[in-house]
Amino acid sequence: MIAKLTVTRLHCLGVLLLSTSYLIKSTAAFSLIGNHLHHRSATARGLHLISRFASFSSSTSADDDQLKANIQFRPATLEDMDACYAIESASYPVDEAASREALEYRRAQATHYFRVATLATSTDEDKIPAVIGFCCGTRCQEFTEEAMSTSHASDGKLLAIHSVVVDKKYRRQGIATVMLKEYMESISSSMDADDGLESTVLLAKSHLLAFYVNCGFTVLRPSPIVHGSELWYELERKRLLPAQTIPKDDEQWFVKTETFCKPFPQVKPHLEAHKEWVAELRHVQGQCITSGYRVDAEGKPGGGGLMFFAANSYDEAMELVLQDPLVTNGCVDWQLNGWIGQVGDVQLR
């Protein structure tokens with residue numbers, strides 16, 4: 001899970017020339033970096049807990065877009081291991097590349113978390129598309145060096161990414177970004193909500209943080225895992241659950257109405273916190289909830305806010321409302337009511 005990546009070293013300026021919106025998104029990552037803006041690959045205790053990324057920058061040419069459109073993703077098979085190992089061993093020094101045995105173990109024991117990117121390189125319909133990259137990981141209970149060094153725990157609450165690697169011929173074309181995002185989406189869409197997986201984690205060096213932030217990861221802290229003279233950072237991407245659209249069998253609808261009781265400039269930061277809180281409830285905790293505001297005939301706000309959600313009881317609903325940043329910071333006058341449909345029903349989207 002240490003991010004050992006085959007990337008051309010980047011000068012600090014290359015990171016700073018990101019778009020304004022991207023910089024805002026990445027602020028938390030860059031605030032941790034300090035002066036560590038170079039990279040050397042590493043392994044931990046001889047086991048290659050490595051998250052590898054084959055190209056930081058991506059091209060926007062039509063040819064590259066066509067190339068990415070022709071790439072297909074699927075679970076790795078035993079027959080893919082020759083190609084995966086060839087990409088691995090060609091990309092890293094002997095003392096850093098994962099062994100063939102390590103790759104085969106991950107595929108056999110954590111098959112669901114080993115996916116390859118393939119590309120048809122010939123017009124011959126009988127030719128099997130070539131493997132041009134892969135992502136793999138294993139599950140564990142704790143984000144520690146010891147836990148990461150043990151075998152795959154199928155019920156682990158964390159998915160630890162080991163490799164994100166692209167064949168040298170196809171680097172710097174945005175393929176690693178597409179591949180990692182597909183990997184995360186595939187895992188999320190194919191798992192039950194009660195599977196027990198909470199987060200995806202990895203370790204990375206400073207100049208690769210922007211890549212992972214762009215793929216949805218959050219930088220947590222400098223890692224306590226020590227290897228060599230450079231600093232590693234822990235990153236996490238919380239599992240996003242499909243939003244629940246209707247109450248469960250033992251739940252009912254509740255609605256909170258509210259109006260601001262403070263000037264908007266005072267309310268605004270807490271309103272942003274409210275939005276993040278609702279998003280966390282929807283996509284991390286799987287809560288059936290939506291929030292918005294009422295407008296007049298011209299679409300102008302001013303009618304107050306409305307939060308519609310499901311809960312087991314009035315007491316449970318009240319407990320939830322009292323956690324709302326708008327309520328805890330005294331920004332709104334509010335009221336909580338249950339809602340019982342008489343004609344038709346409500347379904348969120």
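User: With which side chain does the side chain of Asp-324 make a polar contact?

Analyst: This is a predicted model in which local features need pLDDT of at least 70 and side-chain atom pairs count only at pLDDT 80 or more, while totals for chains, interfaces and linings use all residues. Side-chain values use heavy atoms, leaving out hydrogens and water, and residues are numbered from 1 along each chain as its sequence is written. A polar contact is a pair of N or O atoms within 3.5 Å; within protein, one must be able to donate a hydrogen and the other to accept it, and residues adjacent in sequence count only if both atoms are side-chain atoms. At 2.4 Å, the partner of Asp-324 is the side chain of Lys-256.

User: Is Asp-324 buried or exposed?

Analyst: Buried means under 20% relative accessible area, exposed over 50%, and partly exposed in between (1.4 Å probe, protein chains only). Asp-324 has 0% relative accessibility, so it counts as buried.

User: Between which helices does the loop holding Asp-324 lie?

Analyst: Helices (H or I, at least four residues) and strands (E, at least two) are DSSP runs, numbered from the N terminus. The loop with Asp-324 lies between H10 (314-321) and H11 (325-328).

User: In what order do the four strands form the open sheet?

Analyst: Two strands pair if DSSP finds at least two bridges between them. The pairing here is antiparallel, and the order is E10-E11-E9-E12.

User: Which are the edge strands?

Analyst: An edge strand here pairs on one side only. The two are E10 (289-295) and E12 (332-339).

User: What is the bridge partner of Phe-260 in E12?

Analyst: Strand E9 (residues 252-260) pairs with E12 in the antiparallel sense over eight bridges. In E12, the partner of Phe-260 is Val-332.
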